[in-house]
Amino acid sequence: LIMDLMDKLTHIFGQGLSNSFYPVPQQAIGVGSAFEGWSPHAQDTVYRVLVPLSPPPGHAFHLELDTAGVLQRNSSVRVELLCTCRREQLGEDMLCFRHHTEEELRMKQDPSLLHTLCTGSYLDVEKTVHWFYRFVSVAWLLLPESRHWCLMLQPSSRSCKFQLSKDEESFRVEMIFGVQQGDSDIFVGSQPAEAGMPSTTWLETYAVAEAKFFRHISSQAPQDSWHCKCLQVLSRFLTGGGFSSYALKTVVMHLLNTVPLIRWHRRHFQQQLMDILKYLHCSLETKQLHHFVIGNARLPLEISLPSSLRVAEAPNLFQHLASSPDAHVKALQEYIRLLHR
């Protein structure tokens, strides 16, 4: 239902934006626990989708990555105006932003992306999200689903959140916008960030690569594999005090990439839970848990990474435990609670 709705919205976006110079949304990609198959709490599930954005005609996107970041690099998306004089000569109904006067452009053509959703020369996350909010509220009325479902937009500055409800059914959806790094499965995205981050900052995200890994495993594993059930059960018991469900997910991904998939059969369920807990305990004791995507030589080749990430040193997700004894104690206490439950 969610992906069908995203396809319809993307189609309306494409039609409505055909003569404008706003970013062009591509087919949405389901990411996160709901689409990977292990959502801890069904009643609180948020269906997250990443909507790739392509530059409009006459524009180009250039990613400027801050390589100083360890776990998640910051990026800016610089917007460049391209010369389209040749397209003009071929009869296309578009003036060149670079070689026509501002007066000509203002009279005959919609403004460039630089004058709508950018701050300076950079694509602005908050302006982009605010514009999509307005577009979704209009596009929704054109969909047949609007006759049966109620859509309620929810405020957010870096993603587009809304709730769909009908009778007793209810779904929460979060649209994150992203710009692809080359032709890889790595994007810079508009996902929520720490307070005070500039609105022109986009964060590198590995969500698409991770979702693709889970689909790869599902296609290779036995039909009654319970790898997602293991992750779902353990993450359901987390209290949120020591380490995150993402750390658990990272442990499970490492094991899925090394343990024969036949071992994830439901009859081995208890043993697999214990294997996950042992791996987690070892990681907590050594204060070291390697990032699954970055620098992983065993990553399936169908998952495309920029060459710099494939050969990079894997960041340590538990680095903060090494520098903070209090955080380490708290994480070990969370582990003991999880083990008892």
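Reader: Domain bounds come from an automatic or database domain assignment. How is the chain divided?

Author: Domain 1 covers 1-206 and domain 2 covers 221-340. Their C-alpha centres lie 31 Å apart. This is a predicted model, where local features need pLDDT of at least 70 and side-chain atom pairs count only at pLDDT 80 or more, while totals for chains, interfaces and linings use all residues. Residues are numbered from 1 along each chain as its sequence is written, and side-chain values use heavy atoms, with hydrogens and water left out.

Reader: How many residues of each domain are in contact?

Author: On the domain 1 side 16 residues, and on the domain 2 side 19. Contact means heavy atoms within 4.5 Å.

Reader: And what area is buried between the two?

Author: About 1400 Å², with 63% of that from carbon and sulfur atoms. Buried area is the accessible area (1.4 Å probe) that two parts lose on being put together, summed over both.

Reader: How many salt bridges cross that interface?

Author: The rule finds one. Glu36 pairs with Lys249, with the closest N and O atoms 2.9 Å apart. A salt bridge here is a side-chain nitrogen of Lys or Arg within 4 Å of a carboxyl oxygen of Asp or Glu.

Reader: Which other residue meets Lys249 in a salt bridge?

Author: Glu210 does, also with an N to O distance of 2.9 Å. Glu210 lies in helix α6 (residues 207-220) and Lys249 in helix α8 (residues 245-256), so this pair ties together parts 39 residues apart in sequence. Helices (H or I, at least four residues) and strands (E, at least two) are DSSP runs, numbered from the N terminus.

Reader: Are Glu210 and Lys249 buried or exposed?

Author: Both are buried. Buried means under 20% relative accessible area, exposed over 50%, and partly exposed in between (1.4 Å probe, protein chains only).

Reader: Back to the total. How many salt bridges does the rule count?

Author: The count is 10. One of them joins Glu204 to Arg73, at 2.8 Å between the closest N and O atoms. Glu204 is in strand β12 (residues 202-205) and Arg73 in the loop between β4 (59-65) and β5 (74-81), so the bridge links parts 131 residues apart in sequence. Glu204 has a relative accessible area of 0%, and Arg73 is buried too, at 11%.

Reader: What about Glu334, which residue does it bridge to?

Author: Arg337, with the closest N and O atoms 2.9 Å apart. Glu334 is buried at 1%, whereas Arg337 is partly exposed at 34%.
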